[in-house]
Amino acid sequence: MVKIFIPADTTSCALGADAVAKEVTLQAQNRGLDITIIRNGSRGAFWLEPLVEIEADGNRYCYGPVNPSEVAGLFDAGFPGLCEHALLLGQAADIDWLARQDRLTFGRAGLIDPLSLDDYKQNGGYEGLNNALDMSPAEIVGAVTDSGLRGRGGAAFPTGIKWRTVLNTPADQKYVAANADEGDSGTFADRLLMEADPYQLIEGMTICAMAVGATEGYIYLRSEYPKALQVLNQVIATAEDANLLGKNICGSGRDFHIHIRVGAGAYICGEETSMLESLEGKRGLVRFKPPLPAIEGLFGKPTVVNNVLTLAAVTTVLAKGAAYYKDYGSGRSRGTLSVQLAGNIRRGGLIEVPFGASLRELVEEFGGGTASGRPVRAIQVGGPLGAYLPESQWDTPMDYEAFTEVGAMLGHGGVVVFDDSVDMLAQARFAMEFCAVESCGKCTPCRIGSVRGVELIDKIAKNENKSASFELLEELCETLDQGSLCAMGGLTPMPVRSAIRHFPQDFEVSSGSGVER
Amino acid sequence: MSELQTPLNDLGTPRPREALTRVSLEIDGQQVQVDAGSSVMRAAALMGIKVPSLCATDSLDAFGSCRMCLVEIEGRKGSPASCTTLVEEGMVVSTRSDKLEKLRRNVLELYISDHPLDCVTCPTNGDCELQDVAGELGVEDSRYGLTGSNHQHAVKDESNPYFTFDPSMCIVCYRCVRACDDIQGTFALTVDGRGFESKITAGQMESFMESECVSCGACVNSCPTAALEEKSVIEIGLPEKSTVTTCAYCGVGCAFKVETRGDEVVRMTPYKDGKANEGHACVKGRFAFGYTSHKDRITTPMIRDSIDESWRQVSWQQAIEFTARRFREIQAEYGRDSVGGITSSRCSNEETYLVQKLVRAGFGNNNVDTCARVCHSPTGYGLKTTLGESAGTQAFDSVAKADVVMLIGANPTEAHPVFASRLKRRLREGAQLIVVDPRKIELVNSPHVRATHHLQLLPGSNVAFVNAMAHVIVTEGLADETYIRERCEIEAWQSWLNFIRGEENSPEHLQSVTGIPASELRAAARLYAEAGNAAIYYGLGVTEHSQGSTTVMGIANLAMATGNLGREGVGVNPLRGQNNVQGSCDMGSFPHELPGYRHISDPEVRGLFENEWQVKLQPEPGLRIPNMFDAAICGDFKGLYCQGEDIAQSDPNTHHVEAALKALECLVVQDIFLNETARFAHVFLPGSTFLEKNGTFTNAERRISRVRKVLPSRSGKEDWEITVDLANALGYPMNYSHPSEIMDEIARLTPTFSAVNYAKIDALGSIQWPCNEAAPEGTPTMHVDEFVRGKGYFAITGFVPTSERSTRKYPLLLTTGRVLSQYNVGAQTRRTKNTAWADQDLLEIHPVDAEDRGISSGDWVGISSRAGDTVLRAVVTEKVQPGVVYTTFHFPLTGANIVTTGNSDWATNCPEYKVTAVQATRVTQPSEWQKQQAVFNRQQKAFLDKARRSGV
């Protein structure tokens, strides 16, 4: 029996993986070949998807990107045996794009069957929890603190401090809430993790629960991730059956249950306090802080709210030690950054590298420039609320502090590339529009200011009252920045201001209506 | 520490729940010390520093949305909101800086860019927080201009009869939503859409009237702009003057500001410092004051010799002289005891006191009774017997410390809505609820409130229930024996223990009687007994039974046996139906008791009054109301002075009542309307509404509050003046120039009131009696160290089933109650726009019983009992259990009391309103009685119209 690996994650399927799998099945049947198709997840090299792998002489060989129409040809050439074919890429390690990465979190992505607990365990899974079960809560928290791990959702708050706060807040009930409402444009790392290596999230949450004394956990999953939902439901059930979740986990005498809640399509519910409101069954409305969720979170109880990647990273910290994890990175940004390279890019996908790499390295060396072949003009990092970086800033090392210094942010690691046809006034307008569409509507700067922002930029585009409009737009940005209740309104000025500052020529409009350049 | 300036009216955020320590900080260069847990905004407001804000108000928790109240704090980044930032020791705060001013102006400009700028034509011009803040910051218009997106054309919701919602004025501060959630607890409002599309909406995108909104007005009160506005303000204009007074509806006794413009009431708004309501209100008190200026008001005295002839309008002097002459003639012919008086729980303490004084001193007998006879007289008897005082034991705010609340035969969301809101808030905080009621009342299951146990007992089985509870408590070892040994009579306890332990009181034995599954009852008993703080609240579902007094004693037994008396969070709390039930009882309205519940037969007490009143008093108790009716029918009782009470509608067995009234030779009715009773009257003395007189009301928590005259009396006399005139005309001199003098007399004569006077009530806002030397500022919690009677008394409470039970002829049990929008006999609320919610009494019937009879919702249904028949419309609902039907008694056209019987409480004669065996059948026309009433009403209306045409 030959094992064939064909990814089943959302991106691969969007690129035709299901059709490829169907064709492989058909061809094997027609040829009377005994095969097993394993639906793994993507390795993150989306530009190679659908990436079909076979197991031969104990190694995995990759073919890709495979078009369904090419499957018959592959079989003709000797597939599923190792065969010479134009699509053969060699072993994963031969693919430079993958080999150059440091995969601490995404090491198993693509390698394993996401639903297989055995696969997970055989590849280092649950070592972290095993270690954690032998440690005191304070020791677990200590390890996370020592690792230097910071929140991967965007705010980069030190995870150990957050956990310690929850641990030290006395309460009859505590919660762990995994933020899987991955809403930033151009991001997909959470989804890939949940679809390609889902037990890692479950294990991370369980370690967190052991550390802070929580007995209930929630995964707040955006509704746009139906495949992830399916996968998570299955692995939670499997973990429960294996006594890795539920009552008396691994005989430790400690309980932890995980529930999934699916969002309803609001970007703002990725903001942690809105997410808590939504988890409670209420409108996704931002709460003011303090009180911090770590003290008064879900249902008013101390709650760890962590991004999927943060919780995943914890398994590495506990399995391999804080020092191992801390060894990666630069400055105060320790460990690895999961960059999601998207937009107008030739070789897009998930790139996990230590903090400190430059944007240029990522976009040019990994990404290979734009898909359109035109020069890169602007790069937006950190989602729709992140800054647009001009070429002069592309050598900035990717760590939290360095980015803050240049008026930008890493956020959740989304990198969206634009070529020279981009209209930065339109992008600035889009930032305001995005805020207007996604604002929860609680605080005034965000609720009304975002709408006025769109209107002002339209006025600028029409050359109406130009200098007054610019002045007012800057005051509006200041009001949003300083007056908003949460980061949604607070960060909206970032893309707007960066567009104006770095691409002023796009705002120079000749007389008459409409945008001309 | 520098002298504090005057605190602001609105401190922005509420007082911290539990302030354990004080914190010192500096704000704008001044030192201040405030409770830990206070917001920076509150601390500033206490110093008189106003930080601009639009979403904050001290009746609601901080929300942090408007971003106007930003401040600077040394050592902190940015500009935190002062409403959501808590004070910390040593904090240094600046509320003003150029940067902050600019930020605030910029935020305000955003508000104004989506708000109409025609302040001059706005109904709230001069009473708008947005306008105030704009004024403070000097912002007149918005640089964003008026061409952008806005909500100027949003459609108004005018569905509610009392207020409008104009979304174009809305600043989306959520105050209305939060008020509906946190204060009222109805959760009728929400925000639909998000961002700029956020819009306040009622229910599921419904109009306010279609939604679950109960029109309490909390949203209107909290709105900072004209978005939610009283229609009366839009029609009349903003008020010019405000007077604090006490609501004349239910026994909660809410404090209100009556806001007037000229001689017109513009609106009534709940008074924040009112301790009974803490700034909350319900649809009746808040909005239903239109009756006070209704065209049906009678403002000229009228007399006639017979009820078969027209009224004649006369002068006050003629009316008083006519009355005095007729009473003297009757007494001369039929004897001293042939006349009497009835006081009303709707009148003030002073008025009630004077009527009983008139009867005892002027008529020379003790034939005085009060409408409390037909509602809470068993409370008086039961609590006096067991605890020693005829009153509830707690202040309303005690419920905030209760862990378990047991609600027996009370429906506070309908009848005591403002207390219900407090209760719901406590339940949302986690207290548990046991509902004991034959019906699925709202509190059994409503938004964010669910009763842990609903003991759905059968009407008439209260004593069996209360005994079964006690049985479980003592046999399962849940009684608080330390408390009992210390606080109660041991002998009585022992004999009660022997009684209650008996198997005949076990829940298993009694479940066929009560209909409550034994296991559920046991669970409820354990919950109550083991609560920590368990409080009982009860209503007329307890008292209006043949064993009403027994149940009250049984309730007191439960509280004593579990140690749940004498501190906050516990107690036995009767929810009084009318505004001054407590007061009318306190004032000696009962035939056997002088003010302060002292028996008329006690020569020492009598001596005290004889000395003050300068008259000899009769030592024998006089007639109770039902005795008066019986005596009238027998021909022994001929003259009745009835103040502010509509016995023809409110008392049971209408046929009997009407026969008695017709037998009277002189019935004097003092009221604001020609009520049902007045149709049988010979003298009509036009009274004044609560807005037109001075006095005091005493609410269910013994709180004495001032009623203040806001408008001139339409009839020219306050009610106490009428009684004074009548006494003088009868030859018994009364001489008071102000009700405060009457209160001074009450204080001189009544030990529990000895330190009460108007000046003190004005100074303290209100006083809970006992208020005397021992408790100069009143007594919020009673029986703290010992019971008023010394040791608590466990009364034996044997269950005796009522004779009123379902039979083949009358297979259903009818029980009665109230709806939120209507009040008592409806004389007031029927004459307001509250009829938009309820304009008739409806018969609730279970689907099973309805199907058996072919009845659908909306059908005319005849109900008949051994006392009488009436017809009303049916509503088929599972709120009632099979075998039980339910209606209200608000509408004279229905005359629910035509079917209720003459059965009454063994101890107090309180009628058994809550149990009547009836049959219900589908019919097509009104009952015979209703047809006769229609004829009689037409005739009486013609008599009134003729008098009005003729004039004085």
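Student: How many residues does the contact take from chain B and from chain A?

Tutor: In this predicted model, where local features need pLDDT of at least 70, side-chain atom pairs count only at pLDDT 80 or more, and totals for chains, interfaces and linings use all residues, the contact takes 26 residues from chain B and 24 residues from chain A, two residues being in contact if their C-beta atoms, placed from the backbone, lie within 7 Å. Residues are numbered from 1 along each chain as its sequence is written, and chains are lettered from A in the order in which they are written.

Student: Which helix gives the largest share of the side of chain B that touches chain A?

Tutor: Helix H2 (residues 98-112) of chain B does, with five residues; helices are DSSP runs (H or I, at least four residues), numbered from the N terminus.

Student: Why is H18(A) called roughly perpendicular to H2(B)?

Tutor: Helix H18 (residues 444-461) of chain A packs against H2(B) at an angle of about 65 degrees, with the axes 9 Å apart, the axes being lines fitted to C-alpha atoms over the stretch in contact, and angles running from 0 to 180 degrees between N-to-C directions. Angles of 65 to 115 degrees count as roughly perpendicular, and therefore H18(A) is roughly perpendicular to H2(B).

Student: Which residues make that contact?

Tutor: From H18(A) come A:Thr444, A:Pro445, A:Ile448, A:Gly449 and A:Arg452, and from H2(B) come B:Val107, B:Leu110 and B:Tyr111. By class, this contact has five nonpolar, two polar and one charged residues, where Ala, Val, Leu, Ile, Met, Phe, Trp, Tyr, Cys and Pro count as nonpolar, Asp, Glu, Lys and Arg as charged, and the others, Gly among them, as polar.

Notes:
Helix = DSSP H or I, 4+ residues; strand = E, 2+ residues; numbered from the N terminus. Parallel < 35°, antiparallel > 145°, perpendicular 65-115°, else oblique.
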